Amino acid sequence: MTEARPAEAASTSLWERAEEVAAIERAIDTLRADHSSSGSLLVIQGEAGLGKTALLNETRRMAEARGCQVWSARGGETLRSVPFNVVRQLLQPALIRLMPEEAREYLGDWYDVAGPALGITEPGGPQADPQGVCDGLVAAVRRLARRDWPLVLLIDDAHWADQETLRWLAAFAERLDDLSVLVVVARRPGEVTGESARHLDAIAAASGHPDATLSALTPEATAGLTRATLGAHADAPFCREVWAVTGGNPYETVELLAKVGDSELEPTEGAAVELRALNRSARGGGLVARLEELGVDATRFAWAAAILGNDISVDLVARLATMDHENAARCATLLQGARILTEPDPAGTQLGTGEMEFVHPLIQSAVYNSIPDALCTAMHGIAAQVITDSGRGAAMASRHLLRVHPDDDEELVEQLREAAREHLAVGAPDAARRCLERALLEPPRPEVHARVLYELGCATLLTAPAVTIDHLQSALGMPGLDGDTRVDAVFRLSQALLHNDQLQEAVRTVEAEAARLEDGPAKLRLQAVQLMWEGIFSGEAVSPGRSERLAALASTCTGRDNSERALLILRGFDALIHGENAEEVVEYCDRALVNGRLPPGLGWTDTEWGVELLIMLTSSYAHADRLDRAESLCNEALRAYEAAGWSGGHLVLAHAYVGLTHRRRGRLREAEASLRESLRFAERVGRGLPLYWTVTCNLVDTLLARGHVAEAWEIAEEYDFAPPYPSTVVMPDARSVRGRLLLAVGRTKDGISELEEAEKAAAACGHRNPVVVAWALDLARALAREEPARAAQLAADARRQAERFGTDTAIGEALRCAAALETGQRAVRLAAQAVAYLEASPCQYEHAAARVEYGIAARSVAEINRGLALARSCGADGLVAQAREVLETGRGLR
């Protein structure tokens with residue numbers, strides 16, 4: 001290995017890093033070459049002291065020399081509990097240079113979503129959606145990156161970054177293909193577990209190539225670095241001992257050589273025996289001993305600086321160390337002279353008013369770990385007060401409060417509750433959870449304890465429903481939750497049970513609470529919630545007589561409050577799935593609205609009732625052929641969620657139901673696009689959930705309608721669209737769609753079996769609407785040849801049910817099936833009737849199919865051409881191909 005000195009401008013810590021430096025240089029040159037080039041990500045991995053920070057500093061130097069903008073940030077060992085800490089370091093300097101109106105212009109709709117997390121605007125609501133905030137941060141960096149091209153992002157000590165930053169970075173790294181920006185991440189191997197480790201793995205995977213893993217210096221490179229620092233006269237035995245003492249660790253080597261220079265030790269074999277003692281003084285216990293030699297005040301100042309971790313200003317440290325400003329400034333100078341603290345890099349982008357930083361994270365860790373435990377705890381308590389008094393808020397102070405020993409402190413409980421509220425408002429529920437869990441250890445006063453548990457349950461509802469169940473059940477078993485708060489706690493508990501696949505327990509929970517209440521709005525709300533959960537159960541009724549009880553309750557409702565409106569929606573949905581008259585379905589739904597709109601408190605982003613109720617409302621309109629109203633609700637949902645930054649499960653369902661309404665309209669291309677977008681969002685939420693089934697089922701159904709059978713099968717295989725099915729209702733019926741898919745791929749026996757299972761499941765829970773549970777029509781067609789009598793009976797029963805429901809689509813589809821089972825003029829007459837009904841319906845794909853089938857049965861070129869034109873407009877490629885084939889062969893046509 002060569003002993004040649006690195007480039008003159010480079011750090012002395014870059015010996016034997018030529019390969020890594022060259023890779024970074026190539027990445028910078030590629031970035032600068034073309035504004036439209038794809039972005040890239042480099043991950044540098046290495047143990048402490050191996051030169052990761054030196055490589056990032058060299059990256060900055062090279063990038064700025066080539067005209068690039070450079071933003072940088074660093075994780076901190078004691079700062080991992082501060083949400084968005086690292087991403088704030090990264091972005092705030094760029095944003096604070098903008099006027100508020102400029103920042104709003106650059107961030108657009110994401111300003112109100114990402115702004116609170118970045119600390120540039122106040123939160124707009126009680127709880128932000130974490131996924132929405134993450135998406136907002138991705139959008140913010142993308143927009144700013146286009147403005148500041150060529151842009152390089154440097155993140156040091158990523159293993160110590162907060163979880164919220166790592167989540168953002170993992171999402172951002174996946175989007176680099178269409179954004180010209182270079183990201184360089186430095187981290188230690190190991191160090192973290194759980195979600196943070198998963199995010200770091202995703203970041204590494206997004207780079208597309210192996211991490212650059214740093215190794216210790218060889219003896220030759222250590223000798224070269226020694227002579228470059230101390231002079232060419234350093235002899236070989238001395239250089240070998242430098243390597244032996246430091247193990248080739250670049251940071252330790254540089255520090256040791258600085259100590260040699262300070263002590264004026266001659267770099268000869270005779271002096272080599274002094275190196276081990278010098279090295280001990282530069283690290284661990286030796287560093288602590290050296291710190292103590294600077295005096296009690298300097299030690300106390302260093303301890304206070306290590307407690308603060310970042311934004312180390314003389315003023316803040318003085319207040320924490322309880323010393324006057326003059327003495328604090330003297331201590332700062334001493335510590336800078338001792339290479340413990342240093343002035344921040346003026347080219348850096350650390351936020352705040354920090355005047356100093358530790359020379360290296362290893363030094364900060366050593367100083368922090370040297371603080372006696374009891375004193376460390378006390379200093380964190382004081383630091384929390386200092387941070388609060390400086391106006392930075394409870395959330396910033398909370399990381400210190402988390403380290404204070406429990407001591408029955410009422411004020412600390414309230415501070416932690418306030419910090420949790422602030423964390424939730426910016427989209428950091430895990431940080432809120434930590435604060436509330438710590439508050440429980442204090443513990444809270446008996447009259448407050450239940451409310452803390454309730455708040456904790458609300459904070460964990462979306463991320464850990466099983467944990468939420470324990471918290472809320474405990475809260476409800478204590479005094480302190482009364483009135484609307486108790487009712488809300490019961491509702492949220494039932495939601496958590498539902499998400500944890502404990503539907504029957506969810507029903508029993510609200511039923512028991514409703515039974516203990518007197519008649520009134522609170523009881524009516526819980527009764528509606530119970531009926532709502534029972535209504536989405538796909539098996540036999542959880543409690544007998546549900547539909548009768550619901551009908552009785554709804555018959556007294558006029559829609560004067562949201563509990564009554566909820567019952568009207570539930571009654572309409574129940575009427576839909578049981579195949580009652582569609583006009584009655586629509587009447588119930590219309591009575592739940594106020595002047596045709598959702599009333600206050602029942603909107604898409606209101607949390608009092610949950611999204612399930614509005615999905616029932618939308619489904620009822622969509623399947624009752626009131627597609628204009630369904631579309632209006634879906635588009636309103638999209639606007640509401642996007643404006644609020646909700647891009648988790650709520651946005652999944654919004655896109656899915658937009659896709660459903662497109663599918664019902666016959667806009668198959670648009671339906672597929674919406675459903676694929678919904679599937680993209682669903683991937684981030686997690687597979688196996690009921691909403692995932694909704695998306696997949698609708699996408700398979702749409703692809704089958706388009707004639708894209710192979711793609712439908714691929715989706716089904718990739719996303720496990722197969723038994724066992726979820727316990728909640730999926731629209732359209734999952735078994736029916738799966739059966740139709742099996743028939744389409746030629747697995748006729750399996751398809752018939754699946755449709756028969758759909759028949760049994762529908763019979764068990766009384767789902768008789770052939771539009772919602774469409775097994776009968778497909779099964780009749782499949783059995784037509786082998787069991788014509790049974791097929792005819794199925795078709796006849798379906799027609800009766802369709803006529804009872806009464807929509808043009810339901811009747812037209814039943815007539816299409818009946819025509820398919822007949823021959824001769826009877827088939828023609830039935831096909832003509834199907835066309836007449838479907839021409840009047842809003843479902844254009846079904847109309848197109850009926851036209852083509854009627855044209856074939858009547859041997860009419862004109863009718864087939866009309867159907868062909870409709871099929872083209874729908875994007876029904878399979879139907880187009882069928883019509884063309886008939887027209888091209890021309891046999892029997894006139």
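Q: In this predicted model, in which sense do strand 1 and strand 5 pair, and over how many bridges?

A: Strand 1 and strand 5 (residues 212–213) pair in the parallel sense, over 2 bridges. Within that pairing, I44 stands opposite A212 in strand 5.

Q: Over how many bridges does strand 1 pair with strand 4?

A: Strand 1 and strand 4 (residues 181–187) pair over 6 bridges, in the parallel sense. Here L42 stands opposite V184 in strand 4.

Q: How should I think about the side chains of a strand?

A: In a regular strand the side chains alternate between the two faces of the sheet. As for strand 1 (residues 40–45), 5 of its 6 residues are buried, and the strand is mostly covered.

Q: Now helices. Which way do residues three or four places apart point?

A: An α-helix has 3.6 residues a turn, so residues three or four places apart point the same way. Take helix 23 as a case: its buried residues are P465, T468, I469, H471, L472, A475 and L476. These buried residues pack against helix 22 (446–460) and helix 24 (483–499).

Q: What span should helix 23 have, and how far apart are its end C-alpha atoms?

A: Helix 23 (residues 465–476) has 12 residues, and at 1.5 Å a residue it should span 16 Å. Its end C-alpha atoms are 16 Å apart, which agrees.

Q: Which residues does the "coiled-coil region" annotation cover?

A: According to the unreviewed UniProt entry, the annotation covers residues 493–520. In the model, this span is 71% helix and 0% strand, and its end C-alpha atoms lie 21 Å apart.

Q: Is T807, which lies in a loop, buried or exposed?

A: T807 is buried, because its relative accessible area is 5%, under the 20% cut-off. Its place is in the loop between helix 39 (788–805) and helix 40 (808–820).

Q: Which residues does T807 touch, leaving out those up to four places away in sequence?

A: T807 touches A582, H623, A624, D625 and A802.

Q: How many disulfides are counted?

A: The count is 0 disulfides. The rule asks for a pair of cysteine sulfur atoms within 2.5 Å.

Q: Are C589 and C68 buried or exposed?

A: C589 counts as buried because its relative accessibility is 0%. C68 also counts as buried, at 8% relative accessibility.

Technical notes
Residues numbered from 1 in each chain as written. Predicted model: local features only at pLDDT ≥ 70, side-chain atom pairs only at ≥ 80, totals over all residues. Heavy atoms only, no water. Buried < 20%, exposed > 50% of the residue type's maximum accessible area, 1.4 Å probe, protein only. Helix = DSSP H or I, 4+ residues; strand = E, 2+ residues; numbered from the N terminus. Pairing = 2+ DSSP bridges. Contact = heavy atoms within 4.5 Å. UniProt positions renumbered as here; feature names shortened; annotations may be inferred. Expected span 1.5 Å × (residues − 1).
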